[in-house]
Amino acid sequence: MRIFCIISSIIFLTAASCYAGPAGGGPDLSPYDRHIMYQALVLFWIGVIGLITIIIIKLREVKRIQEMGLHKDESDAPSLD
Amino acid sequence: MISRRLEEWITERYDTEALRRVLRAKKVPSHPLEASYFTGGLTLFLFIFQFITGMALSLYYVPHSEYAYKSISDIMTKLNMGWFFRSLHHWGAQLAIASLFIHFFTNMLLKSYRKPRELVWVTGFIMIAVLYFFGLSGYFLIWDQRAFTAIRVATGGAGSLPFIGGAIKVFLRGGIDVTQETLTRFYAFHVSILPMISLLIVGLHVLLVQVHGMSVPLSLKDREGKPQPFFPNVFYKDLIIWLSATGILVTLAVIVPVELGVKADPMAPAPENIKPEWYFLFLFQTLKFFPGQIGLFNGETIAITIISLAILFAIFIPFLDRRSSAGKPSPAYTYIGVFYLLYFVVMTIIGFFY
């Protein structure tokens, strides 16, 4: 949920900051700008794959804990208060 | 530290533990076709994505026939990253509709509509209609020649419906022909009326899914495994799919940016070989197969009546398929589902290439 909130906020804040200024990109770009755009796309995918890897690792950890039964609260556990 | 204080502030005032208990108790069935459950979540995600990119575009769009085209052109050429957001909105719409169709046909073939989930099916079906109208109204806002002609054809087609067609046509166009009035109406539909309706319908759809739980296909009842908790197991898998979808969307927006045609001229003839968006192609192709006149009747009217009856039949499938509601196999409705799927796919392909 936190990741989803972060992605949504980034998308919305980036949109809100798109003030009416000179165009920063578009379909008719110079070869250099096009190169920068594809480079940004590659970095974006590295970020996406990185996040997916973290989620998969976390999911495996959650499953391992569930299989061991450690996620359940013990009803007779002593209180620390 | 701030987040902890905020959490304490909220928990002091509201019973958040009850909500947590509900979320912890939510289970999702586990079986070989459990991947079908993610299609609904993906559609919802893409829908939210459309809301966000749509809000960004609405900050700059001008809903007037004189300025609409120019405002889109300005978004694409003058606004920093404007072309990217327009492309994201365009590709988001394509993927949302594709995802909705995958969700629809999957549930149709797995008979997820059977008792007691009839209303889940009906609300989902209403969402298809709403999404189609979203697509149509959004397409027109561009105010280019292709969109203008497409709306003239689409609203004219709606006018071919017997008895109520004329009234629907005038209501959609806001007059006899496609004009500024139509643009004002379609803008109102696209940015306020349809979002409100979809929030209500999607909310009801999701609520009903929570009430009834996920449907398990009849043929897989014996192969059902131990149910898995929604939080965090299924939610993490959902996140992976949503992240991948975002990646695909961004890639499409960058590599295949959406273009803008020539400005609409109401007096200009329709462009040659004009075709609607891919999700209208099966309807378009069906209309093309019908001759102009069949006996005493207008061919287009007959075609639209048949299509409307087929759609009505699909809405009432949960109430007609008594065998699957009774927990028995109903191969007749499987064949009907396969027929609907094949018809949609084949006609879309024919419409795309010919």
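**A walk through chain B**

Q50(B) touches L88(B), H89(B), G92(B) and A93(B), leaving aside residues up to four places away in sequence; contact means heavy atoms within 4.5 Å. Q50(B) sits in helix 3 (residues 38-58) of chain B. Helices (H or I, at least four residues) and strands (E, at least two) are DSSP runs, numbered from the N terminus. Q50(B) counts as buried because its relative accessibility is 13%. Buried means under 20% relative accessible area, exposed over 50%, and partly exposed in between (1.4 Å probe, protein chains only).

This is a predicted model, in which local features need pLDDT of at least 70, side-chain atom pairs count only at pLDDT 80 or more, and totals for chains, interfaces and linings use all residues. Residues are numbered from 1 along each chain as its sequence is written, chains are lettered from A and ligands numbered from 1 in the order in which they are written, and side-chain values use heavy atoms, with hydrogens and water left out.

Now the aromatic rings. The structure holds 38 aromatic pairs over all chains. Rings of Phe, Tyr and Trp (its six-membered ring) pair if their centres lie within 6.5 Å; planes under 30 degrees apart count as stacked, over 60 as edge-to-face and the rest as tilted. W83(B) and F84(B) form an edge-to-face pair, because their planes meet at 70° with ring centres 5.8 Å apart. W83(B) is buried, at 3% relative accessible area. F84(B) is buried too, at 13%. F105(B) and F344(B) have ring centres 5.8 Å apart and planes at 45°, so this pair is tilted. The pair links distant parts of the chain. F105(B) lies in helix 5 (residues 82-109) of chain B and F344(B) in helix 15 (residues 331-353) of chain B, 239 residues apart. F105(B) is buried at 8% relative accessibility, and F344(B) is buried at 10%. Both belong to a cluster linked by ring pairs, whose members include W121(B), Y132(B) and W278(B).

K26(B) lies over F230(B), 5.1 Å from the ring centre. The criterion is NZ of Lys or CZ of Arg within 6 Å of the ring centre and within 35 degrees of the ring normal.

Next, a helix crossing. The axes of helix 8 (residues 165-173) and helix 9 (residues 180-212) of chain B come within 7 Å and cross at roughly 85°. Axes are lines fitted to C-alpha atoms, for helices over the stretch in contact, and angles run from 0 to 180 degrees between N-to-C directions. Helix 8 of chain B is therefore roughly perpendicular to helix 9 of chain B. Angles under 35 degrees count as roughly parallel, over 145 as roughly antiparallel, 65 to 115 as roughly perpendicular and the rest as oblique. Helix 8 of chain B contributes V170(B), F171(B), L172(B) and R173(B) to the contact. Helix 9 of chain B contributes E181(B), T182(B), R185(B), F186(B) and F189(B).

Last, the backbone. Most residues other than glycine have a negative phi, and most peptide bonds are trans. The bond from K115(B) to P116(B) is cis, with omega near 10°. P116(B) lies in the loop between helix 5 and helix 6 (118-141) of chain B. The bond from F231(B) to P232(B) is also cis, with omega near 0°. P232(B) lies in helix 10 (residues 230-255) of chain B. W143(B) has a positive phi, near 60°. W143(B) is buried, at 5% relative accessibility.
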